[in-house]
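Trainee: Hi! Could you walk me through this model while I have it open?
Mentor: Happy to, let's take a look together.

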Amino acid sequence: MTTEMRSIASTEKVAIIMRGLPGSGKSYWAARFIESQGIEQAVRIKQHGYFSTDDYFVQDGEYRFNAKRLPEYHQRNLARFISALSTSEPVVICDNTNVCHWEYLAYKTAAEGFGYQVRMVLVGDPKSSKHQALCAKRNSHNVPFASIRKMGQMFELD
């Protein structure tokens with residue numbers, strides 16, 4: 001477990017908001033963090049505390065992106081995240097790209113309102129063209145390099 005993961009794990013109620021380009025390793029980081037929590041806690045987080053809008057695009061085991069459904073799916077993901085906060089799940093994770101601040105503001109505000117420590121986890125350097133090219137090669141949803149480059153240019157750093 002990394003030092004960053006240990007410091008997050010030591011917090012009583014924590015909300016983790018992942019940020020990064022498609023293919024940057026956000027889901028990989030989240031999976032490693034969850035695994036580091038021990039079997040009982042890991043199962044609990046996977047069942048009640050892990051939220052990704054991408055999950056709504058999986059149909060019959062296959063990822064099928066539909067831009068028309070994106071606003072609806074983001075809203076549903078946020079509602080489930082807030083529901084987990086309201087039941088005091090010890091760890092809740094938002095695993096979305098969160099390119100712009102407004103995209104995660106509702107998650108952050110809700111978590112703070114429920115008394116959670118909020119940890120922002122940025123994976124990779126979204127402004128780096130080398131990182132963008134790597135993300136284009138390894139992202140699991142076949143997002144083309146041109147789209148990833150545009151997201152990188154729009155990415156708002158803290």
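Trainee: Let me start with Gln153: is it buried or exposed?
Mentor: Gln153 counts as exposed because its relative accessibility is 55%; buried means under 20% relative accessible area, exposed over 50% and partly exposed in between, using a 1.4 Å probe and protein chains only. Keep in mind that this is a predicted model, where local features need pLDDT of at least 70 and side-chain atom pairs count only at pLDDT 80 or more, while totals for chains, interfaces and linings use all residues. Residues are numbered from 1 along each chain as its sequence is written, and side-chain values use heavy atoms, with hydrogens and water left out.

Trainee: Thanks. Where does Gln153 lie, and which residues does Gln153 touch?
Mentor: Gln153 is in helix H7; helices (H or I, at least four residues) and strands (E, at least two) are DSSP runs, numbered from the N terminus. Leaving aside residues up to four places away in sequence, Gln153 touches Lys127 and Gln132, where contact means heavy atoms within 4.5 Å. Ser128 is 25 residues from Gln153 in sequence, and their C-alpha atoms are 9.1 Å apart in space.

Trainee: Which residues are buried in helix H7?
Mentor: Ile148, Met151 and Gly152 are buried in H7, which spans residues 145–154. They line one face of the helix, because seen down the axis they fall within an arc of 100°; the arc is that of the directions from the helix axis to the C-beta atoms. Lys150 and Gln153 are exposed on the other side of H7.

Trainee: Why do residues three or four places apart point the same way in an α-helix?
Mentor: An α-helix has 3.6 residues a turn, so residues at that spacing point the same way.

Trainee: And what covers the buried residues of H7?
Mentor: The cover includes H6. H6 and H7 pack at an angle of about 140° with their axes 9 Å apart; axes are lines fitted to C-alpha atoms, for helices over the stretch in contact, and angles run from 0 to 180 degrees between N-to-C directions. The two helices are therefore oblique to each other. As for the cut-offs, angles under 35 degrees count as roughly parallel, over 145 as roughly antiparallel, 65 to 115 as roughly perpendicular and the rest as oblique.

Trainee: Which residues meet there, in H6 and in H7?
Mentor: From H6 you have Ser129, Gln132, Ala133, Cys135 and Ala136, and they meet Phe145, Ile148, Arg149, Gly152 and Gln153 of H7. The contact divides into five nonpolar, four polar and one charged residue; Ala, Val, Leu, Ile, Met, Phe, Trp, Tyr, Cys and Pro count as nonpolar, Asp, Glu, Lys and Arg as charged, and the others, Gly among them, as polar.

Trainee: What about His131: buried or exposed?
Mentor: His131 counts as buried because its relative accessibility is 11%. It belongs to H6, residues 129–138. Not counting residues up to four places away in sequence, His131 touches Leu21, Ser24, Val123, Gly124, Asp125 and Pro126.

Trainee: New topic. At what angle do H4 and H5 cross?
Mentor: The axes of H4 (residues 70–86) and H5 (residues 101–113) cross at roughly 15° and come within 10 Å. That is why H4 counts as roughly parallel to H5. His74, Asn77, Leu78, Phe81, Ile82 and Leu85 of H4 make the contact with Ala106, Tyr107, Ala110 and Ala111 of H5. By class, that contact has eight nonpolar, two polar and no charged residues.

Trainee: Last one: what is the phi of Ser88?
Mentor: Ser88 has a phi near 60°, a positive value in a residue other than glycine. Most residues other than glycine have a negative phi. Ser88 sits in the loop between H4 and strand S5 (91–95), and Ser88 counts as partly exposed because its relative accessibility is 39%. Asn98 also has a positive phi, of about 50°, although it is not a glycine. Asn98 is in the loop between S5 and H5, and it is buried, with a relative accessible area of 3%.
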